[in-house]
Amino acid sequence: SSLRGGGEGRRRGKGPAPAGWAAMAGAAWPVEPAHRVGAFELGMGVNKALSVVQKMGSLDAAEFSFDESRLFDVDLTLRLPSLGLQLCFDGFQQDLRVVCVCLRGAAAGNSDG
């Protein structure tokens, strides 16, 4: 299976999106249920995921969130809105547990009802 990233590679930083983001947003991504979406593999560490995002061009569009008062009790979240992805990491082990994919472009184009 494959997944096509949506959108124009929007980002919150100034200027155009880096070439890596645009390439990933328009490219077909391999999807292996219960294993990976693109370069993001279940079980990978948060540092490796951040490195993958950085190699795509920039972390400017990424939103990383966690609870400072309960660092190891609450999951970490890395949102990549320009790619339509949200990565959820275990708070204690800091490994990737869930990949959420937003298929807004595919759903909007469906006229079958």
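Visitor: How many residues lie between E7 and E8 in the hairpin that they form, and which residue in the turn has a positive phi?

Guide: Happy to. A word on ground rules: this is a predicted model, in which local features need pLDDT of at least 70 and side-chain atom pairs count only at pLDDT 80 or more, while totals for chains, interfaces and linings use all residues. Residues are numbered from 1 along each chain as its sequence is written, and side-chain values use heavy atoms, with hydrogens and water left out.

Now to your hairpin. Six residues lie between E7 and E8, and Gln-94 in the turn has a positive phi of about 55°. Strands here are DSSP runs of E with at least two residues, numbered from the N terminus. E7 and E8 run antiparallel and are joined by five bridges; two strands pair if DSSP finds at least two bridges between them.

E7 has a partner on another strand too. Five bridges join E7 to E6, again antiparallel, and these two strands form a hairpin with four residues between them. In that turn, Gly-84 has a positive phi of about 70°. Four of the five residues of E7 are buried, so the strand is largely enclosed by the rest of the structure. Buried means under 20% relative accessible area, exposed means over 50%, and partly exposed is in between (1.4 Å probe, protein chains only).

Leaving aside neighbours within four places in sequence, Val-99 is in contact with Val-37, Leu-42, Leu-85, Gln-86 and Leu-87, where contact means heavy atoms within 4.5 Å. The C-alpha atoms of Val-99 and Gln-86 are separated by 5.9 Å, although the two residues are 13 residues apart along the chain.

Next come the charged side chains. The structure holds four salt bridges, each defined as a side-chain nitrogen of Lys or Arg within 4 Å of a carboxyl oxygen of Asp or Glu. One of them joins Asp-95 and Arg-97 at 2.9 Å, N to O. Asp-95 counts as buried at 15% relative accessibility, whereas Arg-97 is partly exposed at 41%. Another salt bridge pairs Arg-79 with Glu-63, with the closest N and O atoms 2.5 Å apart. That pair links distant parts of the chain, since Arg-79 is in strand E6 and Glu-63 in strand E5, 16 residues apart. Arg-79 itself is partly exposed, at 33% relative accessibility.

A search of the whole structure finds two aromatic pairs. Rings of Phe, Tyr and Trp (its six-membered ring) pair if their centres lie within 6.5 Å; planes under 30 degrees apart count as stacked, over 60 as edge-to-face and the rest as tilted. Phe-64 and Phe-66 have ring centres 5.9 Å apart and planes at 55°, so this pair is tilted. Phe-72 and Phe-92 make an edge-to-face pair, 6.1 Å centre to centre with 75° between the planes. Phe-92 lies in the loop between strand E7 (85–89) and strand E8 (96–101), and Phe-72 in the loop between strand E5 (63–65) and strand E6 (76–80), so the pair ties together parts that are 20 residues apart in sequence. Both Phe-72 and Phe-92 are exposed.
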